[in-house]
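Below is a briefing on a predicted model, written to be read beside the sequence and the structure.

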Amino acid sequence: MRWTPRGSLTPATGINPPVNTSGNDVVMNKEDHIKAALESIVGRDSLWIRDEYSTRYYEIAPVSTEAIQAVVKFANRKNITVFHGKGSHFSQPQSISNHHAIVLRLSKMKKITAVNETSRYAIVEPGVTHQELTGCLDAHYPLLQHCLSPDSPGDTILDTALGCGTNSLSTLYGNTDDMVQGLEVVLPDGSIGKIGSCCISRLWFANHALPDLKGLFLNWHGTTGIITKLSLRLFCRFDFNDLIIYTFKDHQMIPGVIEKVTHLEMADMVTIIGKELPTYLEGMIIIALHLSGTTQEVLDLKKEVFKNLFKNHKKVMVKDCLSKDMRNAIFTGADSLDKKDKASIDSFDCLMPLEIIPAAWRQGIKIIHTHPCKYLFDFFVEDHGHRIFGKFTYVSPGCAAGLSSPVQSIRKELRAMILDLGGIPRDLSEGNQKDLVQKMDPVTAGLANKIRHVLDANRIMNPDKWRIFHNR
Amino acid sequence: MGDNDPVYQMLKDIVGEDFVSNRQEERYIYSRVPSGTRIGDFRYLVLPKTVGEVREVVKLAGTNHIPIVPMGGGLSLSDLTVPIKGGIVMDMKRMDRVLEVHEQSRWVLIEPGVTIGKLIAYLNKNYPRLRISVPDAPPSATMCGNVLISGSGHLSKYGFHSDMINGLEVVLYTGEVCKLGSGSISPYWFSRGPLPDLSGLFINWCGCTGIVTKLSIKLYPKHQFRELVIFKIEEPGSIPDAIQIITATGLMEDILIFAMKPERSHNPTTLLLLFITADSEKEMKLKKNLFENIFSDYRCNGRRILYKPNDLFPGKLIHDMMAEPKNGLEDTVDAKKGGGVGSIGAIFSLEKVPLAFKKGLEISEKYQFTGPLYTIRNIGLGHSMVMGILYPFNRADEKSIDIMKKALEEAMEMVYEGSGVPWKVSIDKQEKTMKKMDPGTCDLITRIKHAMDPQGIFNPGNWDKSTG
C-alpha cells in the first residue's frame with residue numbers, strides 16, 4: 001500500500017524564509033530552518049510541508065544521489081527522522097524524533113542510467129517501474145527482457161528487489177533480489193556506499209568476491225540506507241511462449257508434482273492455483289507452466305518433455321491448448337471479482353517450503369470456510385522449488401466492503417497457521433514483525449539490531465520498520 | 001611444552017587431548033597452503049567436534065586476545081587460511097555430519113567439515129535425484145569453505161555458490177551461537193528472506209566475522225544423462241558471442257572455456273566445453289543436435305567456432321572433464337614439477353573477456369609459461385565470467401618463485417585495468433583492492449568488520465587496510 005497524504009497541506013511556495021548561513025539555530029525557528037535547508041537542496045518545487053499527528057513533516061522529491069546525500073547528512077545532524085520507500089508513512093508517530101520528519105519521494109529519480117547488452121544488466125534509479133523498464137527494453141533492446149513483477153507492473157523495481165519479490169522468471173532464476181548485481185546506497189550518516197563490482201570497476205556486472213554487503217540492504221525495509229541506483233540482471237527475450245496446464249484433485253500430490261516439474265529445469269514460471277470461483281474450478285488443483293524459447297525448436301522441445309511427464313499418470317490431466325474463457329477463469333485474479341461482485345477481498349502472503357503445502361492448503365481452506373468466504377490460492381514456485389510464495393486470497397462474494405470483520409480474523413488465523421507449520425509470513429508491518437521476532441533466535445535478533453546500530457546509530461532511517469529488534 | 005602452557009591446557013579441556021596440538025610437525029603442515037606462496041606460524045591447532053566446543057574455544061580466544069583461523073580443507077590457493085598473526089588454527093574437519101536433506105524442497109544442512117567428496121557420495125547413495133553444484137576443487141575441499149568464498153561449479157548458470165546459501169549457523173566473537181535465514185524462526189532452512197539478510201556478513205569475509213558451524217545449501221536436480229559437447233574457438237574475440245548464443249537457450253548445464261598453450265607455439269588452443277543434461281535419450285539427442293548446429297553459420301573476423309566430436313580427444317581428457325569431483329588437477333598444479341602454483345582469480349563482465357584473454361597471453365609469453373593458461377566459466381546467463389589463471393612454479397627454485405610472483409603482480413594489474421573484480425583475493429591483494437575501492441565502501445567494510453569482531457581475533461589480517 002502506498003503512502004497517501006492525510007494531514008493538512010502547507011504549500012512551500014510563496015514563502016521565502018531567511019537563509020541561515022551562520023549555523024546558529026537560535027536565529028531562526030526550527031521549522032523555518034529545516035524548510036530553508038531542504039529548499040536549498042531540492043528546490044521549492046520539490047518540497048511540501050504537512051502536519052499530522054502533531055508532527056510537522058517535510059515531503060521532498062529529490063532528483064539526484066547528491067541531493068539525497070545532502071538531505072540525509074542534514075537530517076542526521078539535526079536528528080530528524082527520514083522516511084522513504086514503499087509504505088513509508090506515519091503509522092507510528094511516536095517513532096519520530098523531535099516532532100519533525102522528512103519523507104523522501106523517489107519518484108522523480110526515474111533514469112535508466114545504463115543498459116549493458118552484452119553482459120545483460122540495467123542500472124536503474126529508484127523511481128523506475130517495471131513497466132518503464134519493459135518499455136525501454138522494448139524500444140531499444142528488443143533482444144532483452146527483465147524479470148517482470150507479475151502482479152504489479154507499476155511497482156518500482158527497487159521495491160520488488162528489496163522485498164524478496166517474485167517475478168516472471170522466479171522459478172528458474174530466483175527472486176528479484178537474487179538478480180541484483182550492485183547497489184549505490186546513501187547510508188544513514190550521509191556517506192555513499194557502492195556495493196558489488198561497481199565499488200572497484202566502472203561496470204556493475206557482479207556482486208561477488210568482495211565482502212558481501214548486499215545483504216545489509218535486502219529485506220531491511222530501508223532502515224539501513226537509501227538505494228539510489230540498482231543494477232538488475234536482464235535476460236534474453238524469449239519470443240516463443242506457451243502454456244501447459246496440469247490438473248488434479250488431491251492436494252497431497254502437489255509437492256510430488258512440483259518436484260517432478262522443477263526437476264526438468266525448463267519452466268520459467270510455475271504457479272499452483274486453486275479457487276472456488278468460478279464454481280466449476282472448485283476442488284481442482286491447477287499447475288500452470290509458462291514455457292519459452294528463443295526459437296520454436298527450443299519451445300517445442302520443452303513442450304514435448306512436459307507433455308510426456310505425466311503421460312501415463314492416471315490422476316494428472318495435461319492440457320496444452322486452453323480456450324480463452326478457461327484461461328481467463330484460471331488466471332483472473334480477485335480484483336476482477338471485486339468489481340463484478342462487490343466482494344470483500346483480502347489476502348495473506350507467505351514463504352514456505354514445498355513439503356508443508358498440503359497441510360497449508362488443507363488448513364487454509366478450513367480457516368477460510370469457517371467464515372462466509374471463498375478461497376483463491378495462487379502459489380508461486382520460486383527458485384526450482386526451494387521455496388514457495390503462497391498467496392492465500394479470501395473473498396466474501398456480495399459482501400459490502402464495510403463487512404470486513406472476517407478478514408482480520410482470517411488473516412490472523414492464517415498467519416498463526418503458517419508460522420506453526422514452519423513458513424514465514426511476508427507481511428512484515430510493525431505488528432506482524434512482533435510475533436516473528438518473538439519466535440526468532442534471540443542472538444539473531446540481537447545481531448540484526450547491532451548491525452542496524454552500526455549503520456544508523458541515531459535511528460533516523462525508517463524507524464517504524466524492524467523496530468522490534470530493538471525492543472525485543 | 002604443552003603441560004606448562006595454560007592456554008594449551010584449557011584447549012585440551014575443551015576438545016580433548018587428542019584434538020589439540022602445538023607440535024612443530026603439525027604446525028609446519030598447517031602453516032601453509034598448497035600453493036606454497038605464503039607461510040605463517042601459529043601456536044595451537046584444535047579440532048573441535050561440536051558447536052559447543054567451537055564456542056568455548058572462541059570464548060577462550062576472546063578472553064586471552066588470541067587470533068583464531070578457521071580452516072576447512074586448507075586447499076585455497078589464495079592464502080586464506082594461512083595464520084599470519086599466530087594464535088589458534090581451528091580445523092573444522094571433525095564437524096563433518098550431513099544433518100538433514102530435504103528431498104522435495106532440495107536443500108541440505110551440513111557441518112563445516114563436510115567435504116565435497118563426502119557430500120557427493122552421500123547424495124549419490126541416498127538421494128540419487130539430487131546434486132550439488134560441484135566445484136572444480138579436489139574432493140577433500142570442504143563444501144562450506146568453497147561456498148563461503150563464492151566458489152563456482154557445474155551449476156553456476158544459477159550463480160556463484162554463495163548464491164546457493166539458504167542459511168547459516170555461526171559462532172560470533174562473543175561465543176554466542178546465531179542462526180541466520182529461515183532457520184532462525186523455523187525448523188526449515190529453506191530461504192534467506194524475507195528476513196533481513198544477515199548471511200552476507202559471513203560470505204567472502206574469509207572468516208573474519210565469525211565461525212560458521214552449520215550451512216544450509218540448495219540442491220538441484222540430478223539428471224540421468226550428462227554429456228560434453230566440445231567446440232574449438234579459433235578467435236578469442238568470439239567468446240562473448242559464443243556465451244550469448246548458448247546461454248540464450250538456457251538449456252546448458254555449464255560452460256567452461258579452457259585455454260592451453262603448447263610449448264613452442266604462439267597461439268593457445270582454446271576449447272569451449274559445453275555440458276548438457278537430460279532425463280531421456282531422446283531429450284539428450286534433441287539438445288545435442290541443437291547445440292551441434294548452433295554455430296554452423298558463425299564467423300568472427302573470418303574465424304569460426306567449430307564443433308569437435310569427442311572422439312577426436314583422448315578418452316582420459318573427456319573422462320577427467322566429466323568427473324565429479326574433478327580429476328586431474330594435480331597435473332595442472334604440478335606442471336613445473338615443483339609442487340607450487342600461483343593463482344589469480346577474477347570476475348569479468350562478458351565483453352571484457354577477449355581483452356583479458358589477450359593481456360593474459362602477453363604475460364604468459366613474457367614469462368614463458370606454457371601448458372594450461374586459463375579456465376573461464378560462465379556465471380548466470382552470461383552475466384559474468386570467472387577467469388582463473390594459474391602460474392605453476394617450483395618451490396625449490398627461487399628464480400621460479402620470483403617469476404611466478406612477477407607474473408601474478410602483472411596479472412592482478414590486468415584485472416584492475418580490465419574493469420574486473422579480483423576473486424578469492426589473497427591477503428596481500430586484499431589491501432590493494434581496498435585501496436582501489438570506493439572509499440565509502442571500504443569504510444563500510446571496516447565498520448562492519450569492527451562491529452563483528454571488535455578485538456580482531458577472527459582470521460586477522462583479512463580485509464584489513466593495514467595488512468600487506
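**Helix packing within chain B**

Helix 10 and helix 11 of chain B are roughly antiparallel to each other; angles under 35 degrees count as roughly parallel, over 145 as roughly antiparallel, 65 to 115 as roughly perpendicular and the rest as oblique. This is a predicted model, in which local features need pLDDT of at least 70, side-chain atom pairs count only at pLDDT 80 or more, and totals for chains, interfaces and linings use all residues. Residues are numbered from 1 along each chain as its sequence is written, while chains are lettered from A and ligands numbered from 1 in the order in which they are written.

- The axes of helix 10 (residues 353-366) and helix 11 (residues 398-417) of chain B come within 10 Å, crossing at roughly 160°. Axes are lines fitted to C-alpha atoms, for helices over the stretch in contact, and angles run from 0 to 180 degrees between N-to-C directions.
- Helices (H or I, at least four residues) and strands (E, at least two) are DSSP runs, numbered from the N terminus.
- The crossing of helix 10 of chain B with helix 11 of chain B is right-handed. A crossing is left-handed if the near helix is turned anticlockwise from the far one by less than a right angle, and right-handed if clockwise.
- From helix 10 of chain B, Ala356(B), Lys359(B), Gly360(B) and Ile363(B) meet Ala407(B), Glu410(B), Ala411(B) and Met414(B) of helix 11 of chain B. Two residues are in contact if their C-beta atoms, placed from the backbone, lie within 7 Å.
- By class, the residues of this contact are five nonpolar, one polar and two charged. Ala, Val, Leu, Ile, Met, Phe, Trp, Tyr, Cys and Pro count as nonpolar, Asp, Glu, Lys and Arg as charged, and the others, Gly among them, as polar.

**Chain B overall**

- Chain B has 13 helices and 19 strands.
- The radius of gyration of chain B is 23 Å, which agrees with the value near 23 Å for a compact globule of 468 residues. This radius is taken over C-alpha atoms, and the globule rule is 2.2 Å times the number of residues to the power 0.38.
- The C-alpha trace of chain B spans about 75 × 55 × 45 Å along its principal axes.
- Of the 468 residues in chain B, 56% are buried. A residue is buried if 20 or more other C-beta atoms lie within 10 Å of its own, exposed if 12 or fewer, and partly exposed in between, with C-beta atoms placed from the backbone.
- Among contacts in chain B with a separation of 6 or more, 69% are between residues 24 or more positions apart.

**Where chain A meets chain B**

- The contact takes 70 residues from chain A and 75 residues from chain B.
- Elements that each supply at least two residues of the side of chain B that touches chain A include strand 9 (177-181), helix 6 (239-249), helix 7 (281-292) and helix 12 (427-436).
- Helix 13 of chain B gives the most to that side, with eight residues.
- The residues of the side of chain B that touches chain A comprise 36 nonpolar, 25 polar and 14 charged.
- Helix 13 (residues 442-455) of chain A and helix 13 (residues 439-452) of chain B have axes that come within 10 Å and cross at roughly 140°. That angle makes the two helices oblique to each other.
- Lys450(A), Ile451(A) and Val454(A) make this contact from helix 13 of chain A, and Arg447(B), Ile448(B) and Ala451(B) from helix 13 of chain B. The contact has four nonpolar, no polar and two charged residues.

**Backbone features in loops**

- A cis peptide bond, with omega about -5°, joins Leu277(A) and Pro278(A). Pro278(A) lies in the loop between strand 14 (269-275) and strand 15 (285-293) of chain A.
- The peptide bond from Glu324(B) to Pro325(B) is also cis, with omega near -5°. Pro325(B) is in the loop between helix 8 (315-322) and helix 9 (329-333) of chain B.
- Arg120(A) is not a glycine, yet has a positive phi of about 55°. Arg120(A) is buried, with 29 other C-beta atoms within 10 Å.
- Lys424(B), not a glycine, has a positive phi of about 55°. Lys424(B) is found in the loop between strand 19 and helix 12 of chain B.
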